[in-house]
Amino acid sequence: MPQVSQRLDASAVRAWCGLALEALGRAREEIDAINVYPVADGDTGTNLYLTVESAAAAVEAVFAAHATVSAEPDPGSGARAAERPALAEAVGAMAHGALIGARGNSGTILAQLLRGMAQVLAADSGNGHTDGPGLRLALRHAADAAREAVAHPVEGTVLTVASAAADAASGAEGDCGTVARAAYEGARAALAATPGQLAVLERAGVVDAGGRGLVAVLAALVETFTGEAPAATAVPVLAGHARVRAASDATEPHARVEVTEPSARADVDADTADTAVTEWPGDPSDPGECADGTPAQEEGGPAFEVIYLLEAEDAAVARLRDRLDALGDSLVVVGGDGLWNVHVHVDDAGAAVEAGVEAGRPYRIRITHFGLDDAHTAGAGGRPVREPAQRAVVAVVPGEGLAGLYTEAGATTVLARPGEPPASGELVEAVRRAHAREVVLLPNDAELRHTAAAAAEQARAEGVRVALIPTRSAVQGIAALAVHEPGRRFDEDVVAMTSAAGATRYAEVEVAERQSWTMAGICQAGDILGLIEGDVAVIGSDITATAEAVLNRMLAAGGEMVTLVLGDDAPDTIAAHLEARVRESYLAVDTVVYRGGRQGALLLIGVE
């Protein structure tokens, strides 16, 4: 047996996230196939995977940041920082990552479970770790917090499984491994009993899909402390499950249609919220139930799933809960400290978004329409599966303004907010939404090259021909998209787009977050940095002057076209100043200006 630590510290959190992601990856299709509650949309496994993937990525980012800091001495003292983050940092990152990446009903509840654990573990980590009693308290608080987040809890769901895990753990004496195993065994027993608690599960002959996912996550916790994974959990397969599985295999459950525009009912512009409207078939023959115990998908029942992140104060969120509870069902509101994830099923999606606008600032708005045919049965006697397009472009973009630009050009976009890079699962989901036989993938960020490569491999395994063009900036993506011609041969199109991207030099202007060594010298927090091709080339105190210095350096090597993408915090006069500078000093060089919105950098510059 491998030697493992019995302490729950930052490294254990990191290991747990990785193992949980692997476990959900293995079980994803199985969990999707048994997903009949609260809506039989066949995506619970995928949603849980994406939620944990976001949590794991956030934890890895914390470790990477500590490794970077520890590798460079402090300019003042010469001392090196600690290489390992504290437990509070790791669990805080895990909870935040899960919150911003939560998908669907079960993913949102899992995010609250992880947040509940993080609250206890962060408070109990004065010496950098916790033990068995601390883990017991964390599991208890997690289960209670998840129940409080659901407007109308129902037994036989992931909430039941979480409570059973906490109950079992509370009676376990010993180290973290002992507590984790007790929680796992309690959850597994509760999972097996879920069909007897929820009629829709009994009719389908399956256990609760969300609960099955939680059992996988707890199994990963056991492996974290013992070095051995518990025996695989067998999911009961009765006639109903066999029907669901067969129908699931006969279609494409992830075929979606996305429209990146705000809800017509909500007064939200492109700089305020990004909205994804998704068509997701539903099954009128097996309506299931919603989180308040009422049948779902029956005539007159909720037609839309609405999910969004919300920046709001606690008092406003309390009012929002009441408003959304009156609008629909399956209401789950998780989070805190000013950031929330809101999930609800409603008939009036616009009203649900409007409620969020009244409460604070909603963004990453996703609206899914439960249509007339279930995802498991479409193409098998139901509505025909939509014919795929021949070719599509999928691009990661750093701001809402660029998302609109790319969408107008025909691309399917994935929004990457500052500090929130998309996970590979999100890119795969975007490829599925594009619904094409051939896809050109533009990551538009050097840091996303491995994520994009993993997504491309997954999409190829699903039968999609994918070409990954290693664009390192959104301005390179703009150049590639400008020469995209769907009518020509795929290889020729990829070569032309790759050539255009490669011929575009890129730069950005941003604010330094901390003191650091750079290629241009030592910068202080608050300095204006001009980065060319990823390296700091100019350090200044004025945004416009720094941007002009960067542009002069780039144009010194020649160029025919300058692209400027302005962030929300860029000065109002900077575009006019730089355009005038180009006209006065560089003949025959054109300039085009776009508004990028909240894109992280103050300014993106491209020179073709």
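Me: What makes β13 and strand β14 (residues 535-540) a pair?
Reply: Two strands pair if DSSP finds at least two bridges between them. β13 and β14 have 5 bridges, in the antiparallel sense, so they pair by that rule. One of the bridges joins I532 to D535 in β14. The hairpin of β13 and β14 has 2 residues between the strands, and E533 there takes a positive phi near 55°.

The model is predicted: local features need pLDDT of at least 70, side-chain atom pairs count only at pLDDT 80 or more, and totals for chains, interfaces and linings use all residues. Residues are numbered from 1 along each chain as its sequence is written, and side-chain values use heavy atoms, with hydrogens and water left out.

Me: Which other strand pairs with β13?
Reply: Strand β10 (residues 505-511) pairs with β13 over 5 bridges, also antiparallel. E508 stands opposite L531 in β13.

Me: Why is β13 called largely enclosed?
Reply: Buried means under 20% relative accessible area (exposed is over 50%, partly exposed in between; 1.4 Å probe, protein chains only). In β13 (residues 528-532), 4 of the 5 residues are buried, so the strand is largely enclosed by the rest of the structure.

Me: What makes helix α14 mostly covered?
Reply: In α14 (residues 424-434), 11 of 11 residues are buried. Helices (H or I, at least four residues) and strands (E, at least two) are DSSP runs, numbered from the N terminus. Just after α14, H435 takes a positive phi of about 50°.
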